[in-house]
Amino acid sequence: MLHNVLIAVDGSQNSRRAVEYAGKVFSPNPEARLVLFQILPAISRMNLDKKEIKEIDARKVERPDLAGLYWRAEDEDKMNKFFAEAEDILGKGGAKPEQIKSKFGVKKLEIADAILEEAELGKYDTLILGRRGLSRVREFFMGSISTKVVREARGCAVCVVG
Ligand SMILES: Nc1ncnc2c1ncn2[C@@H]1O[C@H](COP(=O)(O)OP(=O)(O)OP(=O)(O)O)[C@@H](O)[C@H]1O
Ligand SMILES: [Mg+2]
């Protein structure tokens with residue numbers, strides 16, 4: 001059965017467990033399409049020098065959806081390293097490279113809303129995330145993003161990996 005799976009990641013150990021779960025449960029399915037998805041923090045253009053602004057603006061030719069947004073190269077590098085590790089985990093689970101994709105956005109909405117929007121527009125049937133993320137606050141059982149995604153997702157299954 002075709003399975004369209006969105007895996008939301010933030011580079012945390014928790015989201016790595018979400019990837020491991022996807023690798024175990026969905027990677028063996030030759031019809032699964034697995035998409036890793038991360039939203040990077042937006043920064044003001046004022047925090048970048050001319051060269052950095054030029055480099056980011058050049059990217060917008062193929063990503064017109066990122067118009068007006070800026071982000072840190074350092075955050076993108078860290079994300080790409082995590083994507084590479086995650087793709088490896090999914091590959092080891094049995095998924096072929098053409099079944100795996102990674103995609104990033106830059107924060108313009110609330111992160112939970114951006115994940116829900118991607119899930120809806122990309123017609124995913126399963127959404128996987130970690131129970132917690134990067135934050136050190138431990139007073140709540142689930143993070144604010146996983147809580148909101150579980151509460152508001154419609155038309156797809158949400159797996160929260162603990
Ligand atoms: N920027 C992001 N892009 C994509 N997915 C994310 C992002 N941030 C969090 N997630 C997903 O949501 C899960 C839960 O993270 P969440 O941010 O809700 O918890 P937290 O960081 O512990 O708490 P909070 O951020 O509310 O203080 C993560 O494991 C990850 O799967
Ligand atoms: Mg968080």
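## The sheet

Two strands are said to pair if DSSP finds at least two bridges between them. The model described here is predicted. In it, strand 1 and strand 2 are paired in the parallel sense over 6 bridges; L6 has V35, in strand 2, as its bridge partner.

The open sheet is formed by 5 strands in the order 3-2-1-4-5, with parallel pairing. Strand 3 (100–106) and strand 5 stand at the edges with a single partner strand each, so one side of each is left without a neighbour in the sheet. On average, and with direction ignored, neighbouring strands are turned by 20° against each other.

## Helices on the sheet

Helix 1 packs on this sheet, where it touches strand 1, strand 2, strand 4 and strand 5. The direction of helix 1 makes about 140° with that of strand 4. Helix 3 lies across strand 2 and strand 3 and runs at about 160° to strand 2.

Helix 1 has 13 residues and reaches 18 Å from its first C-alpha to its last. Its buried residues are N14, S15, A18, V19, A22 and G23. These buried residues pack against strand 1 (3–8), strand 2, helix 3 (73–92), strand 4 and strand 5 (157–161).

## Around ligand 1

Of the 23 residues around ligand 1, those that come nearest are G130, G133, S135, G143 and S144. The shell divides into 11 nonpolar, 10 polar and 2 charged residues.

Several elements each supply at least two residues of this shell: helix 1 (13–25), strand 2 (32–40), helix 4 (111–121), strand 4 (126–130) and helix 5 (144–152).

Technical notes. Residues are numbered from 1 along each chain as its sequence is written. Chains are lettered from A and ligands numbered from 1 in the order in which they are written. This is a predicted model: local features need pLDDT of at least 70, side-chain atom pairs count only at pLDDT 80 or more; totals for chains, interfaces and linings use all residues. A residue is near a molecule or strand if its C-beta atom, placed from the backbone, lies within 6 Å of it. Helices (H or I, at least four residues) and strands (E, at least two) are DSSP runs, numbered from the N terminus. Ala, Val, Leu, Ile, Met, Phe, Trp, Tyr, Cys and Pro count as nonpolar, Asp, Glu, Lys and Arg as charged, and the others, Gly among them, as polar. The expected span of a helix is 1.5 Å times one less than its number of residues. A residue is buried if 20 or more other C-beta atoms lie within 10 Å of its own, exposed if 12 or fewer, and partly exposed in between; C-beta atoms are placed from the backbone. Two residues are in contact if their C-beta atoms, placed from the backbone, lie within 7 Å. Axes are lines fitted to C-alpha atoms, for helices over the stretch in contact, and angles run from 0 to 180 degrees between N-to-C directions.
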